[in-house]
Amino acid sequence: MNSISVLHIDLFQSGRNTSDFYFNTMKDHLVVGHRHIEKPHRHDFYAAVLFTEGEGVHEIDFQKYEVSKGSLFFLSPGQVHSWELSENIDGYIFFCSQEFYEMHYVNQKLRNFPFFGSVSFPRKLQLNAIELEKNIRLFKELGDEFQSKSIMKEGLMLSLMSQIFINATRLFSKDFDTLASSAGISYFKRYQDFENLIEQHFTEQKSIAYYASLMGISPKHLNRISQTVVQKTATDVMTERVVLEAKRMLMYLDESLVEVAFRLGYEEYSYFVRVFRKNSGMTPTQFIKKYKA
């Protein structure tokens, strides 16, 4: 199998000295990065994309999102994505490394934002006219500051990025009313703990009781937290993470299906196939044929 390329910020910099931040209009970005982004690829940085014109489809970690005016997307390092966009597409895009943001914010981490910190959260917001105008202003200011040579340039850039991220978090919370309450915030933090533990142990531990024990809560309470935050059972969250990793491995590792299943903790290949098919609606072989076509 061919590997999926991992793109670095400096591929898009056109001679700039910094490799921690990048900003462009979508129209110019597609010209600058065409040879890098025409196929499914991954990043080693965080990204935000705002579409102001055009339409299309944006696929992130094998989930398709419709693109239209007002679509705002967020991507985390390691996510596989690709898009098919109309010729009149336009908007704004920026990348930043984790170090660029977190060196300046001791108590704020990019993973604290739900669209960066949870693989279960949607990666798209569809903005109404008022929200779109507000975000266009912020993106434009960020781009202008990126091009400037003003004093305290990075400080203002980071402030504008934070406004974009915080506004988006508030819009996401409107879809999840409980997240706006103090109890909801507590649940989200506990849910992040759960996902962090999954990241550490999902290849060898798939028992919800195991994770609940590490968190010092009951499996029933863990399930309640998961259903409150992402409207999924804890088991569903676990399974989706395993299947996502399976899809990534099938796409860019030159290993047999049996080897992939074993690496993900399944000693019985037939059981792995059943889990994969139940979650994705296709077998691993069908998945490879679809995405390698």
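**Figure 1. Overview of the predicted protein chain.** The protein chain contains 13 helices and 10 strands. The coordinates are those of a predicted model. Of the 293 residues in the chain, 50% are buried. Among contacts in the chain with a separation of 6 or more, 69% join residues 24 or more positions apart. The accessible surface amounts to about 14,700 Å², and carbon and sulfur atoms contribute 50% of this area.

**Figure 2. Close-up of the largest nonpolar core.** This core comprises 75 residues. The residues with the most contacts inside the core are Phe21, Phe74, Phe94, Met161, Phe165 and Phe194. Helix H10, spanning residues 234-252, makes the largest contribution to this core, with 11 residues. A second, separate core is made up of 15 residues, including Val49, Phe51, Tyr65 and Leu75.

**Figure 3. Surroundings of Met161.** Met161 is among the residues with the most contacts inside the largest nonpolar core. When neighbours within four places in sequence are set aside, the contacts of Met161 are Phe21, Phe94, Cys96, Phe100, Tyr101 and Leu142. Two of these partners, Phe21 and Phe94, are themselves listed with Met161 among the residues with the most contacts in that core.

**Figure 4. Gly91 in strand S9.** Gly91 belongs to strand S9, which covers residues 90-96. Its relative accessibility is 1%, and Gly91 therefore counts as buried, the limit being under 20%. Outside the four places on either side in sequence, Gly91 is in contact with Asn24, Thr25, Met26, Leu50, Phe51 and Thr52. The C-alpha atoms of Gly91 and Gly54 are 8.9 Å apart, while the two residues are separated by 37 residues in sequence.

**Figure 5. Phe62 in the loop between strands S5 and S6.** Phe62 is located in the loop that links strand S5 (56-60) and strand S6 (63-67). The backbone angle phi of Phe62 is near 70°, a positive value in a residue that is not glycine. With a relative accessible area of 12%, Phe62 is buried, because this value falls under 20%.

**Figure 6. Met152 in the loop between helices H5 and H6.** Met152 lies in the loop between helix H5 (129-147) and helix H6 (153-175). Phi of Met152 is near 60°, again a positive value in a residue other than glycine. The relative accessible area of Met152 is 68%, so this residue is exposed, the threshold being over 50%.

Terms used:
Residues are numbered from 1 along each chain as its sequence is written. This is a predicted model: local features need pLDDT of at least 70, side-chain atom pairs count only at pLDDT 80 or more; totals for chains, interfaces and linings use all residues. Side-chain values use heavy atoms; hydrogens and water are left out. A nonpolar core is a set of buried Ala, Val, Leu, Ile, Met, Phe, Trp, Tyr and Cys residues joined through side-chain atoms within 4.5 Å. Buried means under 20% relative accessible area, exposed over 50%, partly exposed in between (1.4 Å probe, protein chains only). Helices (H or I, at least four residues) and strands (E, at least two) are DSSP runs, numbered from the N terminus. Contact means heavy atoms within 4.5 Å. Accessible areas come from the Shrake-Rupley method with a 1.4 Å probe; for residues, only the protein chains shown count as cover.
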